[in-house]
Amino acid sequence: MIAERINRVKESGTMKMKELAGQKKAEGKDIISFTVGEPDFDTPKHIVEAAKKALDEGKTRYLNAAGLPELREAIARSSKTANGIPCDASNVMVAPSKHAIFETIMATVNEGEEVILPNPAWVSYEPATALAGGRAVPVTTKEENEWRVLPEAVAELITPKTKMILLNSPSNPCGSIATKDDIKGIADLAKDHDLVVLSDEVYEKIVFDGHKHYSIAAEPEMFDRTVTISGFSKTYAMTGWRMGWLIAPKPLFKAVNKIQQHSITHVTTFAQYGGLAGLVGSQEPVNAMVNEFKERRDLVMKLIGEIPQLHCDVPKGAFYAFPRYDNPMKSEEMALHLMDKAEVAVTGGAAFGEAGEQHLRISYATSKENIAKGLERLKNALA
Ligand SMILES: Cc1ncc(COP(=O)(O)O)c(C=O)c1O
């Protein structure tokens, strides 16, 4: 019954640990979970109110596939002002971020073409590439280079079959941030070799310590070959709303639009009014959440510093720490061991690619109390 292409894809390693933690909790175990990549805050009230108002006003009908015109305008405006992306509303498609990534890869990558993507990386890039018939080519990132994607490492992997370079800054699972020079170097490679760039910037607002987020689409002559992805989930604590966006040059936009028209049609109409309120309203709730994430990051780093078996540089953005552990045990086995012995759920680093082996991903999108309790348990179990 099952199509051959499904065999190219494994189940998500992050979902597996999340589900296992849920199962243990249901059995009555007091599991502290550091697995989910999801802010634990409620969606800001004014956003919820705007969506409710839209429902009350009967905003429940079809829209164009690309989304609510006012929302597309607002996304274009903020992407131009904050990130320097030379776009207008006609380049913006409202779509769940994950679907936007999927649509972009489906619309650009032919059978047998290669996509250079970071390793370790978020779990869905490789399956999306495989489902499109492409081949993921991992560019190994290293702790000693702050897990950044270095242009010289990308250059070594480019072949006549390379179609796309996929970037994710700030990154999941490492919390790394691309420097301006990294971005410039990768832009030069894309231009020299006529490649498409897919830049996943969903954590763009969650940056700490004065680090800056750069959009590669803002580099000279890059807009016409770049698709930028961002969204509401992480910035506005709206994961369940399933809403984000992509910004693409016209020919790419048209190609992606066809997939959107024939798949989800568009993002839920009244949800888009909520998103609009988020973008045009006060950004104070976002600042408050980012400050809280920073305090949690500092707490996680302090407590990891007290665990002799864990080693971790300070993550610069997103809400993940990615410590290395001193033990020959494979990371999946280690994660299961910690679930069993410490009642703490983390994700084994290898779920994000080979280069993540001997590491654990700790999502600190949970309360300081949980962080303190969970890391105390990890300390005892690792000792
Ligand atoms: C790097 C990265 N990109 C994209 C997504 C997907 O975001 P959304 O849930 O808004 O589709 C996630 C979610 O965890 C992510 O970590």
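1. Overall make-up. The protein has 12 helices and 14 strands, where helices (H or I, at least four residues) and strands (E, at least two) are DSSP runs numbered from the N terminus. Its radius of gyration is 20 Å, close to the 21 Å of the globule rule for 383 residues, so the protein is as compact as a globular protein of that length. The radius is taken over C-alpha atoms, and the rule is 2.2 Å times the number of residues to the power 0.38.

2. Basis. This is a predicted model, in which local features need pLDDT of at least 70 and side-chain atom pairs count only at pLDDT 80 or more, while totals for chains, interfaces and linings use all residues. Residues are numbered from 1 along each chain as its sequence is written, and side-chain values use heavy atoms, with hydrogens and water left out.

3. Extent and burial. Taken along the principal axes, the C-alpha atoms fill a box of roughly 55 × 55 × 50 Å. Of the 383 residues, 55% count as buried; buried means under 20% relative accessible area, exposed over 50%, and partly exposed in between (1.4 Å probe, protein chains only). Among contacts between residues at least 6 apart in sequence, 76% join residues at least 24 apart, contact meaning heavy atoms within 4.5 Å.

4. Seven-stranded sheet. An open sheet of seven strands runs in the order β2-β8-β7-β6-β5-β3-β4, with mixed pairing. Two strands pair if DSSP finds at least two bridges between them. The edge strands, each pairing on one side only, are β2 (92-95) and β4 (135-140). Neighbouring strands of this sheet are turned by 20° against each other on average, direction ignored. Within the sheet, β5 (residues 162-168) and β6 (residues 196-200) run parallel and are joined by five bridges; L166 has L198 in β6 as its bridge partner.

5. Helix on the sheet. Helix α4 (residues 97-108) lies across β2, β5, β6, β7 (226-231) and β8 (244-247), and runs at about 165° to β7. Axes here are lines fitted to C-alpha atoms, for helices over the stretch in contact, and angles run from 0 to 180 degrees between N-to-C directions.

6. Three-stranded sheet. Three strands form an open sheet in the order β10-β14-β13, with antiparallel pairing. Its edge strands are β10 (320-321) and β13 (347-348), each of which pairs on one side only. Two bridges join β10 to β14 (residues 360-363), and these strands run antiparallel. A321 stands opposite I362 in β14.

7. Helix pair. The axes of α11 (residues 331-342) and α12 (residues 368-382) come within 10 Å and cross at roughly 105°. The two helices are therefore roughly perpendicular to each other; the classes are under 35 degrees for roughly parallel, over 145 for roughly antiparallel, 65 to 115 for roughly perpendicular, and oblique for the rest. On the α11 side, M334, L338 and A342 meet R377, L378, A381 and L382 in α12. The residues of this contact divide into six nonpolar, no polar and one charged. Ala, Val, Leu, Ile, Met, Phe, Trp, Tyr, Cys and Pro count as nonpolar, Asp, Glu, Lys and Arg as charged, and the others, Gly among them, as polar.

8. Two buried loop threonines. T366 is in the loop between β14 and α12 and counts as buried at 10% relative accessibility. Leaving out residues up to four places away in sequence, T366 touches S33, F34, D40, R296 and I371. T141 lies in the loop between β4 and α6 (151-155) and is buried, with a relative accessible area of 4%.

9. Backbone geometry to check. The S169 to P170 peptide bond is cis, with omega near -10°, and P170 lies in the loop between β5 and α7 (180-192). A cis peptide bond also joins N172 and P173, with omega about 20°; P173 is placed in the loop between β5 and α7. E221 is not a glycine but has a positive phi of about 60°; E221 lies in the loop between β6 and β7 and counts as exposed at 66% relative accessibility. A318, also not a glycine, has a positive phi of about 60°. A318 is found in the loop between β9 (310-311) and β10 and counts as buried at 0% relative accessibility.

10. I6 is in the segment before α1 (13-26) and, at 45% relative accessibility, counts as partly exposed. I6 and E73 are 67 residues apart in sequence and 37 Å apart in space, C-alpha to C-alpha.
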